[in-house]
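Have a look at the chains first, then try each task before reading its solution.

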Amino acid sequence: MPDAENPSRLVLTITLDGAAEDGVKALCGETLLEALRRAGTGVRHVCGGRCACGTCRIAVEPEWAGRLPAPSRNEARLLGVLPGATPAHRLACQITLDEQTDGLAFRLDTPVSRPSAAAQSARTMATRSMETNP
Amino acid sequence: MNDLIDQQSALEAVGPAFAREVMLKVRGMTRNTIHAIASRVRPGMVEEDAVEMARDILAEQDMVRGWHDIYVRFGTNTLKTFGAASDPGIVLKETDIFLIDIGPVWGEWEGDGGDTFTVGDNPDMARCARDARTLFHTVRHKWEQDKSSGKVLYDFAAAEARALGWELNLDLSGHRLSDFPHAAIYDGPMMDVDFTPSPLLWVLEIHIRHPTAGYGAFYEDMLLDDSYFPDLAG
């Protein structure tokens, strides 16, 4: 819909965690992360939106599957190593909003660490070390 | 006094996955990766390609994830502060300087490291890279010997840098490190703390700049005692 104060820009409504009646107001050209931060959603962004940490992960609702531009090589690689990865996941910092994303529906899905086999092995090693060297 | 102890306890908290041995393991992986990246940087390379190469090397080490972005900066971009975008398209010259700053996450644990390298035969650039490393250890020794606070350490670092003819960038003034994410505990600079930072929990950063020429140097590593720096022996 047109922005009354700045007609050259559009205001999008995005649906967060099913809260369709309120939604999140967003501007064309900003990233989804920027919109979520401004809306005070508590979205995490440890690396500051640089596609490094994965904490701004979202899960796109099924009706939006395939409607966003494909992730870059770096985004896809990072998404692939985050705990609980699914094809619905994207990073909010990598989605630039435009008219095509008006109505985008998703939920926040901050990765919860479930250690990889190598990391689990390291954790076991550390626990053993602490037990033998109190 | 009690307030200071309370502040230190709060700012030096760790998460549930924290493990001393693993933090040291990730430190070693981080430093090895910095040198692996540096060994593949060549004159004629464009900075953006070096960053992509660094990304691939980190991925080979199971460190795709980072708590901060990957920085490989060439030439004049070595003046840039943390987080600042590099000027695009900078090519490494035959005689030049470059820095590497990575903050990988391996499993649940954070690493962080930085170093500076030179190509060619410019003695001033070589001294800049060497002085960043020297200053790191000079400041670290003060921490070890005097039990100085973060604030005192960076006042000292700035004075020492000046004495060597460099300007210290205090935007990069140390920070916490922990199981991911340390930012949930304390996201501020070590320079702001009035207590003696504990070993293994903090990173000491040194970013110096030439006052007029267009380059600088960076070095950072965990705050640890001499026994963790075997290269210093002899």
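**Exercise 1.** Find which residues touch the most other members in the largest nonpolar core.

Solution. Start with the term: a nonpolar core is a set of buried Ala, Val, Leu, Ile, Met, Phe, Trp, Tyr and Cys residues joined through side-chain atoms within 4.5 Å, where buried means under 20% relative accessible area (1.4 Å probe, protein chains only). The largest one has 71 residues, and F98(B), I100(B) and I208(B) touch the most other members. Next, a second, separate core holds 27 residues, including L12(A), I14(A), L16(A) and L104(A). Now zoom in on I100(B): beyond four places in sequence, its contacts (heavy atoms within 4.5 Å) include I34(B), Y71(B), D115(B) and F218(B).

A word on the ground rules: this is a predicted model, where local features need pLDDT of at least 70 and side-chain atom pairs pLDDT 80 or more, while totals for chains, interfaces and linings use all residues. Residues are numbered from 1 along each chain as its sequence is written, chains are lettered from A in the order written, and side-chain values use heavy atoms, without hydrogens and water.

**Exercise 2.** Work out how many residues each chain brings to the contact between chain A and chain B.

Solution. Chain A gives 25 residues and chain B gives 25 residues. Then take the buried area, meaning the accessible area (1.4 Å probe) lost when two parts are put together, summed over both: it is about 2,100 Å², with 56% from carbon and sulfur atoms.

**Exercise 3.** Count the salt bridges between chain A and chain B.

Solution. Look for a side-chain nitrogen of Lys or Arg within 4 Å of a carboxyl oxygen of Asp or Glu. That gives four salt bridges between the chains. E52(B) and R73(A) also pair up in a salt bridge, at 3.8 Å from N to O.

Key: Buried < 20%, exposed > 50% of the residue type's maximum accessible area, 1.4 Å probe, protein only.
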